[in-house]
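Trainee: Could we go through this protein together, one question at a time? I would like to learn how to describe what I see.

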Amino acid sequence: MSAVSLWSRWASLEKRLRKAPRLALFLDYDGTLAPLADHPSQAKIPAEVKRLLARLSRRPGVWVALVSGRALRDLKAMVGLKNLCYVGNHGLELQGPKLSYLNPAAEAARPLMKRLARELREALAPIRGAWVEDKGLTLTVHHRLVRPEDGVAVKNAFYGAAAPHQKKVEVRVTAGQSVFELRPPVRWTKGTIVRWILARQAALLGEGQVLPIYLGDDLTDEDAFQALGPEGLTVAVGESAAWTQAQYTLRDTASVKRLLEKILDLRRG
Ligand SMILES: [Mg+2]
C-alpha cells in the first residue's frame, strides 16, 4: 500500500485524534520540526513550533517525545523545553519526565566510537565539505556539502575505517540523507525505542489507551513506521512518499506545524 496525503483523509483522522483517550506524539527533529540546513547547528526549530510543542505537552492526555539521530545532549540544547521526552542517537539514549534509558551495548562501544571519530577526521581532512560529528554513542560523517566528484573519496574513506570493525561486528553501518553513520552492533532503532516506550505506557495506563502518532522524514524513521504499523498513525514528511512505509504524507515542516496546531485545537479538553 502506498502512502496518501494526510489532508486527503483528514475527516476520518480528525475523528480518531479527537476520540483517542491519549495521544503519544513522536516527532523527528531535523526535516520534520526544523527545516534542514547545511550544518546541524543551523537547523533551528521555529519559535512558533517550539511554543506549540510546549502547549501540546501541557495538554492533559497528550504526551510528546522528540526522536532524533542527534546526541541526546545536542537535541535537548536545540529545543530546550522541559516536560518533553527526548530520544537521542536513534533510540540508544532517552531522558524524559519519569523515564530514562541508555543502551548497554552502545555504552560499551563508546571508546571505539571515539577512536573511529579521530581516525575518520584525519582521513576526511583533505576532502572539502566532509566532516565528522562525534555523537558519543554513534558517529556521523556528513557529506551534504561535498562536491559531486569527491563523493567516491568520502565513501572510500568511510568504509576504509569502518569495514574492519564491521567485519568483526564491533560496529554497524547505516546511510541516510547525505550521511554515513557508525552505530554500535546492536539491533536497536527508532522503532525499537518507540515500542519500548509504548510498552511502558501500556503497563501504566492499560492497553488501547494510547494512539501513537509518528512523524519523520528520514530513512531511520522507516523503522518506526514499520514498528507501529496500522496501530499507529504514521506520517512521512517530505519527498520520500514513493517508497515510505508510513500511511500518510505531509509535504514539509510547514505542514507539520499546521498538523500540530490542529491537534492542539482538537485536544482542547
Ligand atoms: Mg529527520
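This is a predicted model: local features need pLDDT of at least 70, side-chain atom pairs count only at pLDDT 80 or more; totals for chains, interfaces and linings use all residues.

Trainee: Which residue in β10 is the bridge partner of R172?

Mentor: Start with the strands: β9 and β10 (residues 179-183) run antiparallel and are joined by five bridges. Within β10, the bridge partner of R172 is R183.

Trainee: Is α5 roughly parallel or roughly antiparallel to α6?

Mentor: Two packed helices are described by the angle between their axes and the distance between the axes. The axes of α5 and α6 (residues 151-167) come within 10 Å and cross at roughly 150°. Angles over 145 degrees count as roughly antiparallel. That makes the relation of α5 to α6 roughly antiparallel.

Trainee: How many residues in the contact of α5 with α6 are nonpolar?

Mentor: From α5 come L112, L116, E119, L120, A123 and L124, and they meet V154, A157, F158, G160, A161 and H165 in α6. Two residues of this contact are polar and one is charged. The number of nonpolar residues is nine.

Trainee: What separates the centres of domain 1 and domain 2?

Mentor: The domain assignment gives domain 1 as 4-103 + 188-266 and domain 2 as 107-183. Twelve residues of domain 1 are in contact with ten residues of domain 2. Taken over C-alpha atoms, the separation of the two centres is 27 Å.

Trainee: Which strands are at the edges of the open sheet of nine strands?

Mentor: The order of this sheet is β1-β13-β12-β11-β2-β3-β4-β5-β6, with mixed pairing. An edge strand pairs on one side only.

Trainee: Which residue in the turn between β5 and β6 has a positive phi?

Mentor: Strands β5 (residues 93-96) and β6 (residues 99-102) run antiparallel, joined by four bridges, and L94 stands opposite Y101 in β6. The two strands form a hairpin with two residues between them. The turn residue with a positive phi, about 60°, is K98.

Trainee: What is the bridge partner of A65 in β4?

Mentor: Strand β3 (residues 62-67) and strand β4 (residues 85-88) run parallel, and three bridges join them. In β4, the partner of A65 is C85.

Trainee: Which strands does helix α3 touch?

Mentor: Helix α3 (residues 72-79) packs on the sheet, and its direction makes about 135° with that of β4. The strands it touches are β3, β4 and β5.

Trainee: How far apart are the axes of α7 and α8?

Mentor: Helix α7 covers residues 190-205 and packs against α8 at an angle of about 45°. That makes α7 oblique to α8. K190, G191, V194 and R195 of α7 meet residues of α8 including D221, A224 and L228. The distance between the two axes is 6 Å.

Trainee: Is the crossing of α2 and α9 left-handed or right-handed?

Mentor: The axes of α2 (residues 47-58) and α9 (residues 253-266) come within 10 Å and cross at roughly 30°. That makes α2 roughly parallel to α9. As for its hand, the crossing is left-handed.

Trainee: How many charged residues does the contact of α2 with α9 have?

Mentor: The contact is made by E48, V49, L52, R55 and L56 of α2 with K257, L260, E261, I263 and L264 of α9. Six of the residues are nonpolar and no polar ones take part. The number of charged residues is four.

How values were computed:
Residues are numbered from 1 along each chain as its sequence is written. Axes are lines fitted to C-alpha atoms, for helices over the stretch in contact, and angles run from 0 to 180 degrees between N-to-C directions. Angles under 35 degrees count as roughly parallel, over 145 as roughly antiparallel, 65 to 115 as roughly perpendicular and the rest as oblique. Two residues are in contact if their C-beta atoms, placed from the backbone, lie within 7 Å. Ala, Val, Leu, Ile, Met, Phe, Trp, Tyr, Cys and Pro count as nonpolar, Asp, Glu, Lys and Arg as charged, and the others, Gly among them, as polar. Domain bounds come from an automatic or database domain assignment. Two strands pair if DSSP finds at least two bridges between them. A crossing is left-handed if the near helix is turned anticlockwise from the far one by less than a right angle, and right-handed if clockwise.
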